[in-house]
Amino acid sequence: MNKMAVNYEEIHDYLIELALEAGAVLTANTGTSAYDDKANAVDLVTAIDASVESLIKSKLRAKYPAFDFIGEESEKHALSDLPTFIIDPIDGTTNFIHAFPFSCISLGLAVNRKSVVGVVHNPHLNTTYSAIVNNGAYLNSTTRLPLTPATPLSLSSALIGIEWGTDRDGTNFKIKTDTFKSLASKQGAMVHGFRSLGSAAQNLCAVASGSLDAYWEGGCYAWDVCAGWIILQEAGGRMVDGNPGNWKPDLEERTYLAVRPGADSEKFITDFWSHIPGKMFYQS
Ligand code: LIP
């Protein structure tokens, strides 16, 4: 286990500073950027993703040389116990390309493989969600999360964040679409509805705020969830595995179910899991 002394508050404030700086690049370029395909024609990346990551990486490396760094565009490696910045320079790249105002900068710090500091900044809506472990979660540094009363959870009255993801065939896609159908249908849970914000980090902040009851996804990575995870946890919500049965997922699990603060969360989670017909599998 790593015992390096780390000043979480200083890091939190610095990550906000970096996110605001990077935010100006996002607002100046959204909707105007050319893009490339990664794994397939719906897995998109722009030159701005790479340049924002390089800006943030160089500043973090200079100020915290002993820390490890994982970033979606340039540093994909396994997480260790070391203090590690885990960042997504643009979470919601498809939103960014389409000028749908839900792209954000997601900056997290993990220590001993757990998320301990998180900042999620959406420069289009001027929202900055942030948290430090054991210190609560906040919107724009002033308003404590959640924003809505933590009423009891129930699947039949839930508004749920889902994403289709970039794999559009195969077993994982079938499990997702069958789960969507079972949650939505009259014969199933008949939930109030689904929303897709197109950004894991923004979905997690919506659950932490209480405007979504839950968010379920398979296929995203540690850089998509690191910052949002601690914001959710500090708001009083919980993160479990998106596959049934695992109450303590890893940051690199790749399958996640986030649930807002509220009574009866265990029942809500087991009810939710009962609608998932099988196990999604993603390479770690
Ligand atoms: C995206 C996520 C989104 C998910 C996509 C992708 P990107 O991140 O935040 O929720 O459905 O598969 O991982 O690529 O915009 O940084």
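Both faces of strand β5 are covered in this predicted model: Cys104, Ser106, Gly108 and Ala110 are buried on one side, and Ile105, Leu107, Leu109 and Val111 are buried on the other. Because eight of the eight residues of β5 (residues 104-111) are buried, the strand is largely enclosed by the rest of the structure.

**Strand β5 and its partners**
- Strand β4 (residues 84-91) pairs with β5 in the antiparallel sense, over six bridges.
- Within this pairing, Phe85 stands opposite Leu109 of β5.
- Strand β6 (residues 114-122) also pairs with β5 in the antiparallel sense, over seven bridges, and Ile105 stands opposite His121 in β6.
- A hairpin is formed by β5 and β6, with two residues between them; in the turn, Asn112 has a positive phi of about 50°.

- In soluble globular proteins, nonpolar side chains tend to be buried together.
- The largest nonpolar core comprises 64 residues, and the members that touch the most others are Ile56, Leu60, Phe85, Ile86, Leu109 and Ile231.
- Helix α6 (residues 222-235) gives the most to this core, contributing 10 residues.
- Leaving aside residues up to four places away in sequence, Phe85 touches Ile11, Leu15, Leu60, Tyr64, Phe67, Asp68, Phe69, Ile70, Gly108 and Leu109.
- A second, separate core has 22 residues, including Ala158, Ala214, Val259 and Ile269.

**The five-stranded sheet**
- An open sheet of five strands has the order β11-β10-β12-β14-β13, with mixed pairing.
- Its edge strands, each pairing on one side only, are β11 (193-195) and β13 (238-241).
- On average, neighbouring strands of this sheet are turned by 25° against each other, direction ignored.
- Strands β10 (residues 159-162) and β11 run parallel and are joined by three bridges; Leu159 stands opposite Gly193 in β11.
- Helix α4 (residues 170-184) lies across β10, β11 and β12 (214-218), and runs at about 155° to β12.

**Asp213**
- Asp213 is located in the loop between α5 (200-209) and β12.
- A polar atom of the Asp213 side chain lies 2.8 Å from the backbone nitrogen of Leu159.
- The side chains of Asp213 and Arg260 are joined by a polar contact of 2.7 Å.
- Not counting residues up to four places away in sequence, Asp213 touches Leu153, Ser157, Ala158, Leu159, Val207, Ala258, Val259 and Arg260.

Terms used: Residues numbered from 1 in each chain as written. Predicted model: local features only at pLDDT ≥ 70, side-chain atom pairs only at ≥ 80, totals over all residues. Heavy atoms only, no water. Core = buried A, V, L, I, M, F, W, Y, C linked by side-chain atoms within 4.5 Å. Buried < 20%, exposed > 50% of the residue type's maximum accessible area, 1.4 Å probe, protein only. Helix = DSSP H or I, 4+ residues; strand = E, 2+ residues; numbered from the N terminus. Contact = heavy atoms within 4.5 Å. Pairing = 2+ DSSP bridges. Axes fitted to C-alpha atoms, helices over the stretch in contact; angles between N-to-C directions. Polar contact = N/O pair within 3.5 Å; in protein donor to acceptor, adjacent residues only side chain to side chain.
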